Amino acid sequence: MRRVVSAACAAAIVCGCATPPSTEPGKGEGAAYLPMIDMEGVAPTTYALDLDACRVAAQKIRIVRTGPGNTDVLDAVAVGVAIVLPMGVVAAAAIGGLAAAMSDGSIGEPADPRMQQTALVNCMARRGYKNLDPNVTVTYLAPPKADPLSLPRKTGQDTYVAENFAKASNCSATPRAVLEDKGPGFEHYSVACADGRSMALRCEFGNCAQQVVASGN
């Protein structure tokens, strides 16, 4: 943990934080905030590198006023938001008069601490870290996992026959045969059964039969 704290302190120099990063989880403002993370199964070195990268990204958010005088945030452009905030937040910001872009830090003014902290925790969430700070709201939502049934699959001439065979063999009520290999006059299929096992089939000229796969022991 000492290595993590040391790396976090070094990040103050790298990202140009106005104040040194906090050494207490759940404390600090803006990019200096130290997330309260579930560290179970997390490599400290990897965590320190990810935290540094997210702090740098949070520091790159810039605000450019688009209206005359001192307008509120709805009349500003947040430059750099796309790096660290989820698409849902970026879309909402665009509706309110905000736009997302990259910045080298030469234009605009730094984002306020609240926006930097939000960017930081969302960046960490995007990298797979679980927030444990009840006082911090993570707005990033991981994209839903694709339904295996919706993914493209390889099919062949005897796919329909293979699925009918699997259904008749009580493998699954809705079998989905995947073409694994084929050659002159034959096709090999695999079918995921409802009980978790996999059925291997060899089909030749419209006739399918189950194959016994050697265990290798």
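This is a predicted model: local features need pLDDT of at least 70, side-chain atom pairs count only at pLDDT 80 or more; totals for chains, interfaces and linings use all residues.

Residues are numbered from 1 along each chain as its sequence is written, and side-chain values use heavy atoms, with hydrogens and water left out.

Start by selecting residues 44-59, which is helix H2 (helices are DSSP runs of H or I, at least four residues; strands are runs of E, at least two; both are numbered from the N terminus). Its buried residues include Tyr47, Leu51 and Cys54, where buried means under 20% relative accessible area with a 1.4 Å probe, protein chains only.

Next, pick strands S4 to S7: they form an open, antiparallel sheet in the order S4-S5-S6-S7 (two strands pair if DSSP finds at least two bridges between them). At the edges sit S4 (177-183) and S7 (207-211), each pairing on one side only.

Now zoom in on S6, residues 198-204, joined to S7 by five bridges. Look for Arg202, standing opposite Ala209 in S7. Finally, click Phe205 in the turn of the S6-S7 hairpin: its phi is positive, about 50°.

How values were computed: The expected span of a helix is 1.5 Å times one less than its number of residues. Buried means under 20% relative accessible area, exposed over 50%, partly exposed in between (1.4 Å probe, protein chains only).
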